[in-house]
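These notebook entries record what I looked up in one protein chain. I began with the fold and then turned to a sheet and its surroundings.

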Amino acid sequence: AEGREGRVSEVHHPARPSSQALGDVRGRFARTRQERKEGRGRGREGMAAREAPETGTTVVAVRYGDETHGRTGVVLGADSRVSTGTYVSNRASNKIARLAEGTYLLRSGSAADTQAVGDVVRDAVERLSWEMQESPSVHVVSQITARVAYANKDRLLAAMIVAGWDRRRGGQVHGVPIGGTVVNLPWSVDGSGSTYIYGHCDATYRPGMDREQAVAFVKEALALAMARDGSSGGMIRMVVVDEDGAEEMDVRGDHVPLYHEEIDVEAVLAVR
């Protein structure tokens, strides 16, 4: 018990989540993932679903504001395309999931795996909220997410970002890549499209950006990734989280900026 308390205290939160609050993470995750696998495995004995997991996406999160001026927040964004191999199975998916008040999860990797992780974490956070009589901090939620990912690292294809705002530390972005590591970052990208935009994000990110600049940063990064990555596309979904709450923003597919050799479909149709 002493060792458990010592590890949990590292999250620097006054209330320690108990084993009852976290529940049987391994067992719950195994059941949830098996249920999803069985559900999508119907038809042709599930061979196509197992051979071609949904993996393509691009997710971006950035922290904005300056603590010296007392106002910070985060902008989260994701494309909406879900692909099964080369087949686009959903072009309007929502890859931004609410885990707790002011805390959101960006999902990339296997859709079934990341949805299962989100379900398990949300359940643990709800139990912890009842014990604490308040919503856990962003840092605590990210630690729970990382614990679930690490405990099941041999069975998961899940690269995630936990981001949000709380009154203790303001806006925060925590990267939780495949394997269960958790890193506090000013900005983070992941998914198949992220490899195309790391250099762009390095070159254009500026500490202390305001809200409008952060929204433009996320929108441009996603549009660039969607232009190059065939597994990213559809529309852009964003959530802005700060002390005033959360605001959702959507950019329709025909309003996403075009780059490189992309064809302006409306212009082509107008000519015809």
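In which order do the strands of the open sheet of 5 strands stand? I found the order β5-β6-β7-β8-β9, with antiparallel pairing. Two strands are taken to pair if DSSP finds at least two bridges between them. Strands here are DSSP runs of E with at least two residues, helices are runs of H or I with at least four, and both are numbered from the N terminus.

I noted that this is a predicted model, in which local features need pLDDT of at least 70, side-chain atom pairs count only at pLDDT 80 or more, and totals for chains, interfaces and linings use all residues. Residues are numbered from 1 along each chain as its sequence is written, and side-chain values use heavy atoms, without hydrogens and water.

Next I examined one pair. Strands β6 (residues 103–109) and β7 (residues 158–166) run antiparallel and are joined by 7 bridges. S108 has A159 in β7 as its bridge partner.

Helix α6 (residues 138–151) lies across β5, β6, β7 and β8 (170–176). I recorded its angle to β7 as about 165°, on a scale from 0 to 180 degrees between N-to-C directions, with axes fitted to C-alpha atoms, for helices over the stretch in contact (heavy atoms within 4.5 Å).

Lastly, I counted 9 helices and 12 strands in the protein chain.
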